[in-house]
Amino acid sequence: MEDERIIVRPAIPSDVVFAGMIIDEMESSAIARGSGISKRSAASLIEKIDTGKAIIALTENGEWVGFSYIECWDNGRFVSNSGLIVSPKHRNNGIASQIKTQIFELSRIKYPAAKVFSITSGLAIMKMNSKLGFEPVTYAEIAQQPQFWDGCKSCINYDVLQSKNRCNCLCTAMLFDPQLN
């Protein structure tokens with residue numbers, strides 16, 4: 001396995017076969033970390049794959065390694081980088097950074113004028129975001145579309161978000177503004 005080449009590339013329609021594995025790993029990883037995560041449905045991941053809004057990592061033999069996707073918000077003013085996950089047996093090998101870089105590049109290609117944002121409670125993601133030019137911001141500076149915030153309802157910390165009137169939570173909001181970079 002150590003010598004097996006990992007391919008990080010845009011997801012294609014045939015990659016929908018990995019949707020269940022990706023969702024299961026997202027949930028079990030969040031539980032293991034004791035952190036919140038917005039649960040995704042297989043249908044939502046399949047839609048991202050089918051519409052060219054996802055990056056996937058696979059071994060040369062076709063084993064799923066990692067994944068991330070983008071979503072456009074507020075009439076194209078914002079695009080989120082979301083759902084970054086790497087299979088446990090492939091972690092700590094730089095795969096997450098490769099996926100993060102490609103999902104960021106995909107965001108910039110598909111939505112060049114949009115501000116790119118990410119919300120996370122993970123230090124590793126914050127560091128990757130910082131290297132790409134993201135800066136910490138308040139929640140008022142990211143997408144405000146109600147459907148974005150509806151995605152937080154399945155997170156264990158949703159009560160915190162609601163009690164703070166969606167002004168902050170345990171996640172850090174980070175933003176890349178193409179006008180400033």
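Predicted model: local features only at pLDDT ≥ 70, side-chain atom pairs only at ≥ 80, totals over all residues.
## Cysteines

The sulfur of Cys 169 sits 5.9 Å from the closest cysteine sulfur, the one in Cys 171, and that is too far for a bond. The cut-off for a disulfide is a pair of cysteine sulfur atoms within 2.5 Å, and by this rule the count comes to zero. Cys 72 is in no disulfide either: the nearest cysteine sulfur, that of Cys 152, is 17 Å away.

As for accessibility, Cys 169 is partly exposed at a relative accessible area of 22%, and Cys 72 is partly exposed at 21%. Here buried means under 20% relative accessible area, exposed means over 50%, and partly exposed is in between (1.4 Å probe, protein chains only).

## Ground rules

Residues are numbered from 1 along each chain as its sequence is written, and side-chain values use heavy atoms, with hydrogens and water left out.

## Helix α3

Helix α3 covers residues 95-110, which makes 16 residues, and reaches 22 Å from its first C-alpha to its last. That is close to the expected 22 Å, taking the expected span as 1.5 Å times one less than the number of residues. Helices here are DSSP runs (H or I, at least four residues) and strands are too (E, at least two), numbered from the N terminus.

The buried residues of α3 are Ile 95, Ile 99, Lys 100, Ile 103, Phe 104, Leu 106 and Ser 107. They cover an arc of only 160 degrees around the axis, so they lie on the same side of α3; the arc is that of the directions from the helix axis to the C-beta atoms.

## Ile 55

Ile 55 belongs to strand β2 (residues 54-59) and counts as buried at 2% relative accessibility. Leaving aside neighbours within four places in sequence, its contacts (heavy atoms within 4.5 Å) include Ile 99, Gln 102, Ile 103 and Leu 106.

## Aromatic rings

The whole structure holds nine aromatic pairs. Rings of Phe, Tyr and Trp (its six-membered ring) pair if their centres lie within 6.5 Å; planes under 30 degrees apart are stacked, over 60 edge-to-face, the rest tilted. Trp 73 and Phe 148 are edge-to-face, 5.4 Å centre to centre with 75 degrees between the planes. Trp 73 is in strand β3 and Phe 148 in helix α5, 75 residues apart.
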